[in-house]
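Student: I would like to learn how to read a model like this one, feature by feature. Could we go through it together?

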Amino acid sequence: MKVSTEDLYQGVISGNTRMLGKAITLVESKKPEHRQQSEALLKKIMPHTGNSIRIGITGVPGAGKSTFIESFGLLAIKEDKKVAVLAIDPSSALNKGSILGDKTRMEELAKEQNAFIRPSPSSGFLGGVANTTFESMLICEAAGYDYILIETVGVGQSEVLVADITDVFLFLKIIGGGDELQGIKRGIMEMVDLIFINKVDETNVQKAKNTKLELMRALHFIHPKEENWKIPVLLGSALEHRGLEAVYEQIESFIQLKKSSGRFEEVRKQQAEKRFDYWVKELILQKTKSGNWGNQSYNQHKNSVAELKSNPSTEAAEFVQQIFKSNHLL
Ligand SMILES: Nc1nc2c(ncn2[C@@H]2O[C@H](COP(=O)(O)OP(=O)(O)OP(=O)(O)O)[C@@H](O)[C@H]2O)c(=O)[nH]1
Ligand SMILES: [Mg+2]
């Protein structure tokens, strides 16, 4: 049964998790009728958004991101905070069961009244399909969550996408394995605000300290994203709940610093601008694909590019020119 925008709105702002789930499903939907309701809902909730700390977590597959989120989430809940997790499930496009896998890994957190865990299929996150993680995050904020934790897929563009919508970007590293092995590109180091070396126990603490030194040397050559912030490299174990308090405190200090310098607001404004551009491109492309442009259809142009008969930029320029002309915009 269709739920009205008003009911969704009331449900979300009163913190009803069933309605929160429905609202997220709505913003994730690509159906035109859902898009319209989704925008109406987002418009209504807007005054209730913006009050969380948005945390992005990256690291190679298996680094312990989900385990970290669970552990960190439990700690935040102990501090009387409400925690929402938007986990991007990398393998869900291939294997539907894996969503459950990730959920199981956060089973302790999932039991908590003040936690909300939402796995999203990565098929809706990477590639040519619109990603709506930002909008899902706004809905969680309207529902009163203090921390929003977003796990990246750890491949391709997902780090950039998550870094572009969060206030703090955390990098989970495991001991050993060269930087290339861990997929650490310089670009990632430039996005990071805090590093946590995970899976540290008494058997490998010396190796972990060496890894920390290497990382600190590497950081020395990187232009810091925030002035006056020295990127902390912390050690611990997400599984055994060690070292998480220090992460929690450092995040608090980082947010304080950004707020007092005005950077917190400044970055959020820049992120909102990027998000606007993202949607303009996305919506124009969608309309362009489905629109009727006389004999100049999107598919005709795309096919001739696919057949390697013409160069993509020339074909796109001709097509766009045609659209604007047919609408008397030129
Ligand atoms: N020994 C040890 N194992 C850990 C620790 N943290 C996570 N693990 C284990 O590492 C494995 C991978 O952990 P996940 O939390 O699923 O890692 P992830 O980065 O979310 O993995 P993907 O989502 O597949 O990229 C699991 O078997 C965890 O139990 C830790 O601190 N110590
Ligand atoms: Mg995971």
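This is a predicted model: local features need pLDDT of at least 70, side-chain atom pairs count only at pLDDT 80 or more; totals for chains, interfaces and linings use all residues.

Tutor: Let's begin with strand pairing.

Student: How many bridges join S5 to strand S6?

Tutor: There are 5 bridges between S5 and S6 (residues 194-198), and these strands also run parallel. To find the place on screen, look for Ile174, which stands opposite Asn198 in S6.

Student: How many residues of S5 and S1 are buried?

Tutor: Burial is read by counting C-beta atoms around a residue, and 20 or more others within 10 Å make it buried. In S5 (residues 168-174), 6 of the 7 residues are buried, so the strand is mostly covered by this definition. S1 is mostly covered too, with 5 of its 6 residues buried.

Student: Now helices. Why do residues three or four places apart point the same way?

Tutor: An α-helix has 3.6 residues a turn, so residues with that spacing point the same way. Now take helix H1 (residues 5-13), whose buried residues are Leu8, Tyr9 and Val12. They lie on the same side of H1 because they cover an arc of only 100° around the axis.

Student: What covers the buried residues of H1?

Tutor: The cover includes helix H2 (17-28), helix H3 (32-45) and helix H7 (133-142).

Student: Which residues of H7 are buried?

Tutor: The list runs Thr133, Phe134, Glu135, Ser136, Met137, Leu138, Ile139, Cys140, Glu141 and Ala142. That is 10 of the 10 residues of H7, so this helix is largely enclosed by the rest of the structure.

Student: Which residue other than glycine has a positive phi near 70°?

Tutor: That is Asp80. You will find Asp80 in the loop between H4 and strand S2 (83-89). Asp80 counts as exposed because it has 8 C-beta neighbours inside 10 Å. Asn228 is another case, with a positive phi of about 65° although it is not a glycine. Asn228 sits in the loop between helix H10 (205-220) and strand S7 (233-235), and with 8 C-beta neighbours inside 10 Å it counts as exposed.

Student: Where does Gly176 lie?

Tutor: Gly176 is in the loop between S5 and helix H9 (186-191). With 13 other C-beta atoms within 10 Å, Gly176 is partly exposed. Its C-alpha atom is separated by 8.1 Å from that of Ala208, a residue 32 places apart from it along the chain.

Student: How many residues surround ligand 1?

Tutor: There are 16, and the closest are Gly64, Ser66, Thr67, Ser237 and Leu239. The shell divides into 4 nonpolar, 8 polar and 4 charged residues. Helix H4 (residues 65-78) gives the largest share of the shell, 3 residues.

Student: What is the mean pLDDT of the protein?

Tutor: The mean pLDDT is 87, and 85% of the residues reach 70 or more. Among the elements, H1 has the highest mean, 98, while helix H5 (residues 98-105) has the lowest, 51. Over residues 91-100 the pLDDT is below 50, and this stretch has 11 contacts in the model beyond near neighbours in sequence. Residues 124-129 also have a pLDDT below 50, and that stretch has 14 contacts of this kind.

How values were computed
Residues are numbered from 1 along each chain as its sequence is written. Chains are lettered from A and ligands numbered from 1 in the order in which they are written. A residue is near a molecule or strand if its C-beta atom, placed from the backbone, lies within 6 Å of it. Helices (H or I, at least four residues) and strands (E, at least two) are DSSP runs, numbered from the N terminus. Ala, Val, Leu, Ile, Met, Phe, Trp, Tyr, Cys and Pro count as nonpolar, Asp, Glu, Lys and Arg as charged, and the others, Gly among them, as polar. A residue is buried if 20 or more other C-beta atoms lie within 10 Å of its own, exposed if 12 or fewer, and partly exposed in between; C-beta atoms are placed from the backbone. Two strands pair if DSSP finds at least two bridges between them. The arc is that of the directions from the helix axis to the C-beta atoms. Two residues are in contact if their C-beta atoms, placed from the backbone, lie within 7 Å. pLDDT is the predictor's confidence in each residue, from 0 to 100.
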